[in-house]
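Let's take a walk through this protein together, with the sequence and the 3D view side by side.

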Amino acid sequence: MGDKFQLIHDVSPGTAGWTVKVVVAEKFSPRVAQRSPTKYQNLILMDSEGSTVQATLYGQNITAFQDELILGKTYLISNALVKEINAEYKAKSGEMQWTISGRTRIRRVEENNSNLLISTYSFTDFEDLPKYMDSNVDISVIGIIIDIKPRRIIQTRFGKEYQVQDLVLINKRFDTVLLTMWEAFVDNECKYICQNLKKKPVLIGKHLKVTSFNGLSISTKADSSFFIDGEFELVEEFKCWTHTNSEIIDNMISEKHYLTSTPSKLFSKLSVPTDEKDFTEIKSIQGLKTVKQFFWIKGRASVKVLNQTYWYMSCNNCNKISSENYGDIYPCVFCKCTDAKAISRAKVYMQLTDPTGYINATTIGNPAEYFLQSNAEILMNQTLIPTAESMRLSMDEDEIFYVKAIALESSPDCKFEILFIVNPSQIAGDKNKGKAPVEHIGEPIKFLEPTTKRSLFHSDTDDAQSSKKNVTSQELRLRKKINEF
């Protein structure tokens, strides 16, 4: 980038006549200020030494400069307003903030500084993603976009709606992972990706997080930023690999196995405590009121209420409950998908116990199928109250559970959901490190085609009159709890 201009650290409030050559390293989506209706957009600019500064555009300047400050391009900038940045609004770069306005002089320089930019990235391998699950740690990834799911709407328990869209990324070992794009990224990046999906764009993402939502996936944060088909040598390497392996990739896209569950290879790297002291005792979370916490618990699960529905009809796009018949195509009122398909999902309400106490919890999807040793299609066609011969109703030995606590509107206490179930005998690793990778986490049993069409409102109890049994007071209390969930 040359050194005849000032560097970022040479510029401070009161510095006159300065010009700095910078590359636009990150460009965030425009946002609205928390305490005012003012719209603003942050950028991260980088000089030839790798020093960075946060630059901010406000109001109409966002639109005015959208074609002047392009991600990855190099510019000479002078006469920006320089001030010390308020810690509350600091993005991730330096102690100064440049405010860019109509008085700021910006001149494009035809230089390729991609090597400088890419040198600042530390990419997380797909296999290492489980290490950062639910930790909110910033990660960066690079992958090829091979598929994109329909846009959907997510509603919070407070009624606020957010738009999201899932991308499928693949690396050069044919590992896949879902990347969930939120809000502005759906309108901007996802729109471009949809238009160019056949080209299989290469995505570089920064400031992302790993979540346990619907398995294990990556998600955007407010300050995430992306290069899509950026002008980097590394991107060209991925493009060449994609071309060489186009037939294999096209087959993967055609079969779409990556949309049914998290790849077992990712689960195989999930870090599970091996030391007893690292597990959470159930007594410590009974009556918990703090929302969205995650725990590893070692114990046993059992079904206390036999007469419950072990499946529900759902939208294949958002997993929300559906009143449609199995296999029907319909417009989902929750995610707004116009061609959603009604599919069955396993679910079970159970009691999780360890030596210190118990909690009631739900589990849905793959872990429910693993616990019951059955699958949603079989459960959907079951007409009698289950027995130990028809499905697993209790565990004979301790297993390991990854549990999420969530607040309920109808109760001051938290709801517990089991996200993963791990058999301790299937853990292998170096115990001296305190963590061990999971060799296998209950894969769902192969799906069978249902023998009849079922709807949400089919009554199992109507089909099971011959199997009536005495109901204990404890079971009645548990049934009341089920209704709260």
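**Charged pairs and the rest of the fold**

Let's start with Lys277, which is exposed, with a relative accessible area of 65%. Here exposed means over 50% relative accessible area, buried means under 20%, and partly exposed is what lies in between (1.4 Å probe, protein chains only). The side chain of Lys277 meets that of Asp275 in a salt bridge, at 2.9 Å from N to O. Asp275 counts as partly exposed, at 33% relative accessibility.

Residues are numbered from 1 along each chain as its sequence is written, and side-chain values use heavy atoms, with hydrogens and water left out.

Back to the charges: the whole structure has 18 salt bridges. Side chains of opposite charge can pair when their charged atoms come close. Glu231 is in the loop between strand S14 (217-228) and helix H4 (233-244), and Lys73 in the loop between helix H1 (60-64) and strand S5 (74-78), so parts 158 residues apart in sequence are tied together. Glu231 is exposed, at 55% relative accessible area, whereas Lys73 is partly exposed, at 21%.

Now step back to the overall fold. The secondary structure comes to nine helices and 23 strands; these are DSSP runs numbered from the N terminus, with helices being H or I of at least four residues and strands E of at least two. Of the 485 residues, 48% are buried. Among contacts (heavy atoms within 4.5 Å) with a separation of 6 or more, 65% are between residues 24 or more positions apart.

What about the backbone? Most residues other than glycine have a negative phi. His207, in strand S13, has a positive phi of about 60 degrees although it is not a glycine. His207 is buried, with a relative accessible area of 8%. Glu183 also isn't a glycine, and has a positive phi of about 50 degrees. You'll find Glu183 in the loop between strand S12 (176-182) and helix H3 (184-196), where Glu183 is partly exposed, at 34%.

Finally, how far can you trust the picture? The mean pLDDT (the predictor's confidence in each residue, from 0 to 100) is 83, and 81% of the residues reach 70 or more. Over residues 428-473, though, the pLDDT is below 50, and this stretch has 103 contacts in the model beyond near neighbours in sequence. Where pLDDT is low, the predicted coordinates should not be read in detail.

Methods
This is a predicted model: local features need pLDDT of at least 70, side-chain atom pairs count only at pLDDT 80 or more; totals for chains, interfaces and linings use all residues. A salt bridge is a side-chain nitrogen of Lys or Arg within 4 Å of a carboxyl oxygen of Asp or Glu.
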